[in-house]
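Please look over the structure before reading on.

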Amino acid sequence: MRILLVGSGGREHALAWKIRQSPLVEKLWIAPGNPGTAELGENVPIALTGLDALVSFARDQAADLVVVGPEGPLVAGLSDRLAAAGVRCFGPLQNAAEIEGSKSFCKELLVRYRIPTANYRVFSELNPAISYLEGGARYPLVVKASGLAAGKGVTVASEPAGARQAAKAMLEDGIFGAAGRTIVIEEYLQGAEVSAFILTDGRTFTQLELCQDHKTLLEGGRGPNTGGMGAISPVPQVSERTRDSIERQILLPTLHGLNHDGRRFHGILYAGLKLTPAGPKVLEFNARFGDPECEVLMLRMRSDLLPLLCAAAEGTLENQEAPEWDPRPAVTVVLASGGYPGNYATGHPIEGLDAVAQGRELQVFHCGTALRDGRLVTAGGRVLAVSALGDDLNSARRRAYSAVEQIRFPGMTYRRDIGAEAADALEALR
Ligand SMILES: Nc1ncnc2c1ncn2[C@@H]1O[C@H](COP(=O)(O)OP(=O)(O)O)[C@@H](O)[C@H]1O
Ligand SMILES: [Mg+2]
């Protein structure tokens with residue numbers, strides 16, 4: 001098969017690594033890719049915003065399947081354009097991807113289908129928002145840009161001043177442009193965060209393994225939110241029963257709701273959840289794999305991913321076996337540029353990567369790297385995702401962190417506690 005993978009981050013490097021292992025692959029292109037994906041296939045210099053160029057490339061090269069990694073092109077309608085050009089695409093059509101592209105739409109859908117989520121209000125004008133924030137609102141609460149804001153559009157506020165400032169920055173100063181012209185203000189939910197995924201063709205679905213991202217920059221849940229500083233899978237604190245109730249009360253009714261609304265979803269439907277004392281509740285839905293969750297999932301997936309992607313794209317998932325998973329846990333630790341998620345410098349040389357012995361149990365996925373005069377340099381906020389499997393969570397952590405210690409670049413920052421809370425919880429159960 002001839003595959004075009006769209007994207008350039010750690011998620012796409014992990015997908016390329018996994019897809020490459022399939023005996024069905026004849027040719028793999030990655031657009032635009034990164035130095036990591038260049039080792040696995042052919043990078044094609046087409047930007048994520050170049051929808052026409054992506055469609056032409058896929059058609060001209062007779063790609064059998066286009067796999068879309070990030071949300072941007074899906075929300076912009078890449079899947080629809082590929083369908084119109086007769087090219088199979090793994091990733092939802094625009095009207096289904098709206099579940100990620102518009103948080104206000106997502107909330108409305110969740111409430112209409114009685115899917116547990118935080119109470120909320122939607123505003124598109126500042127004055128009513130401020131009246132609410134200074135009047136009846138209970139704190140802490142969360143202010144969110146409704147549209148895509150690359151993981152930066154959410155503020156948790158413990159008192160009115162911070163909430164007002166966030167609302168003003170979005171609605172009046174336009175810091176997120178059109179994405180912040182509508183905002184969602186919602187109740188703060190307590191509890192551990194988990195990421196749940198289904199792979200679906202719209203009718204049949206298979207739940208993937210649960211993951212836990214570590215959203216904040218600093219250890220112990222402190223500091224600003226990021227795109228994700230590390231992940232683990234599975235999540236040992238989550239019982240089989242909770243996992244079932246996530247499927248029954250959240251994933252399935254959302255898929256049914258989308259179908260019922262004429263927005264058949266195919267691809268990866270990703271629920272960001274809080275495990276509250278009143279049961280799991282939805283923070284948001286995404287229309288693609290999480291990054292860094294994809295890195296741990298690909299390390300743990302034993303089955304060939306490619307037939308599943310094809311079946312989801314063509315509507316024949318019922319003929320596929322559910323994927324098999326390595327029972328061993330996986331951990332990924334993100335190495336970020338100093339200053340991220342704010343401003344950071346790029347172009348710093350990355351040292352020590354050659355010394356890391358990579359294999360089935362340890363992979364360093366590239367997130368934001370570039371080659372300059374043949375040297376690997378930093379090129380993004382998140383730079384590398386050091387990912388490891390282990391016989392237990394602590395050995396996976398040890399393996400990942402000993403690789404981390406071999407890698408250096410100026411300003412390199414990372415969390416030392418990825419998976420630590422889960423490891424403590426396991427210890428307490430013993
Ligand atoms: N209602 C909420 N209660 C508590 N924390 C929240 C709430 N909504 C969002 N968060 C925190 O903010 C992060 C980002 O919010 P999310 O809705 O997932 O937006 P995005 O991923 O688009 O930035 C979440 O991962 C979670 O840590
Ligand atoms: Mg999120």
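Lys 274 sits in strand E16, residues 267–276 (strands, E, are DSSP runs of at least two residues, numbered from the N terminus). This is a predicted model: local features need pLDDT of at least 70, side-chain atom pairs count only at pLDDT 80 or more, and totals for chains, interfaces and linings use all residues. Side-chain values use heavy atoms, without hydrogens and water.

**Lys 274**
- Lys 274 is buried (under 20% relative accessible area, 1.4 Å probe, protein chains only).
- Lys 274 has no salt bridge (a side-chain nitrogen of Lys or Arg within 4 Å of a carboxyl oxygen of Asp or Glu).
- A polar side-chain atom of Lys 274 lies 3.2 Å from the backbone oxygen of Gly 191.
- Residues that Lys 274 touches include Tyr 188, Gly 191, Glu 193 and Pro 280 (heavy atoms within 4.5 Å), not counting residues up to four places away in sequence.

**Ligand 1**
- Around ligand 1 there are 15 residues (a heavy atom within 4 Å).
- Lys 103, Lys 144, Glu 186, Glu 193 and Glu 284 come nearest.
- A polar side-chain atom of Glu 193 is 2.3 Å from an oxygen atom of ligand 1.
- For Glu 284, a side-chain N or O atom is 2.8 Å from a ligand 1 oxygen.
- For Asn 225, a polar side-chain atom is 3.2 Å from a ligand 1 oxygen.
- Ligand 1 alone exposes 540 Å², and the protein buries 89% of that (Shrake-Rupley method, 1.4 Å probe).
- Strands E7 (141–145), E9 (183–187) and E17 (279–286) each give two or more residues to the shell around ligand 1.

Terms used:
Residues numbered from 1 in each chain as written. Chains lettered and ligands numbered in written order. Helix = DSSP H or I, 4+ residues; strand = E, 2+ residues; numbered from the N terminus. Buried < 20%, exposed > 50% of the residue type's maximum accessible area, 1.4 Å probe, protein only. Lys, Arg positive; Asp, Glu negative; His and termini not counted. Polar contact = N/O pair within 3.5 Å; in protein donor to acceptor, adjacent residues only side chain to side chain.
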